[in-house]
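Come along while I look things up, one entry at a time.

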Amino acid sequence: MKRDPVLTARGVGKTYVTGGGTVTALSPTDFSVERGEFVMVSGPSGSGKSTLLAIVSGLLTPDSGHVEVLGQDLTQLSRHQGDALRLASFGFIFQRFHLIPALTAMEQVSIVLRRQGLKSRLADVRASRVLEDVGLGHRLKNRPDSLSGGERQRVAIARALAKRPRLIFADEPTSALDSSNGRQVAEMLRATALDEGTGVVCVSHDPRLEAYADRVVRMEDGCIRTEA
Ligand code: ADP
């Protein structure tokens, strides 16, 4: 396969100093994602999955190593430059959806597009199109409290997809969902990688998702143990 990495991390590690000593959350680790690749990171609780995800998405600065994304070293960017790169090129999906209670489904998505500089009418048109793509064309005016868990996660996915990101980072995106909604979310992430060429990094301990991934990276005690 021709290699076309969109993210390359080399030797990234993180140790926390706590009251009782130090905790090595992540031993120096290499990790990469190709364009259009859906990579799943699995492993037991406390194995370092969230730490790895936070480092490779630029939310956490590692103690060692470098993360190169789209030709830029994330660990060398100023806070402002990092924020700008994330806004332009990264989509995030969280376990608990992180929707804003007062906003309708369409506003949750269009606000991100407006922040990127799109005029509000265009942002609304694109937001409704993406919500239709995830099967929520009939829920555009609903606020989170009138949506089911599966629908809320689809709004969060639409919010991540609308800006056509180069990378999507998902942290346990299906753990608050039943198996049918979980499957739909996994299918959407897979389709995004395949159709849009987006690199997708998904942290999950749900073994049902492994079938959708191009590659599964297993972690244990802050290290990558196996890749399949
Ligand atoms: P996972 O996502 O696989 O559950 P984490 O990356 O959250 O694992 O955590 C890895 C290890 O680092 C755990 O032992 C956790 O307790 C520890 N850890 C994570 N964040 C902190 C922190 N801010 N301070 C101290 N220890 C932390």
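**Entry 1: a buried glutamate.** I began with Glu172, which has a relative accessibility of 10% and therefore counts as buried, since the cut-off is under 20%. I kept in mind that this is a predicted model. Next I looked up where Glu172 sits, and found it in the loop between strand E7 (167-171) and helix H6 (179-196).

Entry 2: I then turned to Phe97, another residue that has a positive phi without being a glycine, here about 70°. Phe97 belongs to the loop that runs between strand E6 (90-94) and helix H3 (105-115). Is Phe97 buried or exposed? Its relative accessibility is 8%, so I wrote it down as buried.

**Entry 3: helix H1.** How many of the eight residues of H1 (residues 49-56) are buried? I noted seven, so the helix is mostly covered. Among them are Lys49, Thr51 and Leu52. Just after H1 comes Gly58, with a positive phi of about 80°.

**Entry 4: the sheet.** I traced an open sheet of six strands in the order E6-E7-E8-E3-E9-E10, and its pairing is mixed. E6 and strand E10 (223-227) are the edge strands, each pairing on one side only. From one strand to the next, the twist averages 20°. I zoomed in on one pair: strand E3 (residues 38-42) and strand E8 (residues 199-203) run parallel, joined over four bridges. Which residue of E8 is the bridge partner of Met40? I found Cys202.

**Entry 5: helices on the sheet.** H5 packs on the sheet and touches E6 and E7, and its direction makes about 170° with that of E6. H6 lies across E3, E6, E7 and E8, and runs at about 135° to E3.

**Entry 6: two helices packed together.** A reminder to myself: a packed pair of helices is described by the angle between the axes and the distance between them. For helix H4 (residues 120-133) and helix H5 (residues 149-162), I noted an angle of about 130° and axes 9 Å apart. That angle is why I call H4 oblique to H5. Their crossing is right-handed. On the H4 side, the contact is made by Arg126, Val130 and Leu131; on the H5 side, by Val155, Ala158, Leu161 and Ala162. I sorted these residues into six nonpolar, no polar and one charged.

Conventions
Residues are numbered from 1 along each chain as its sequence is written. This is a predicted model: local features need pLDDT of at least 70, side-chain atom pairs count only at pLDDT 80 or more; totals for chains, interfaces and linings use all residues. Side-chain values use heavy atoms; hydrogens and water are left out. Axes are lines fitted to C-alpha atoms, for helices over the stretch in contact, and angles run from 0 to 180 degrees between N-to-C directions. Helices (H or I, at least four residues) and strands (E, at least two) are DSSP runs, numbered from the N terminus. Angles under 35 degrees count as roughly parallel, over 145 as roughly antiparallel, 65 to 115 as roughly perpendicular and the rest as oblique. A crossing is left-handed if the near helix is turned anticlockwise from the far one by less than a right angle, and right-handed if clockwise. Contact means heavy atoms within 4.5 Å. Ala, Val, Leu, Ile, Met, Phe, Trp, Tyr, Cys and Pro count as nonpolar, Asp, Glu, Lys and Arg as charged, and the others, Gly among them, as polar. Buried means under 20% relative accessible area, exposed over 50%, partly exposed in between (1.4 Å probe, protein chains only). Two strands pair if DSSP finds at least two bridges between them.
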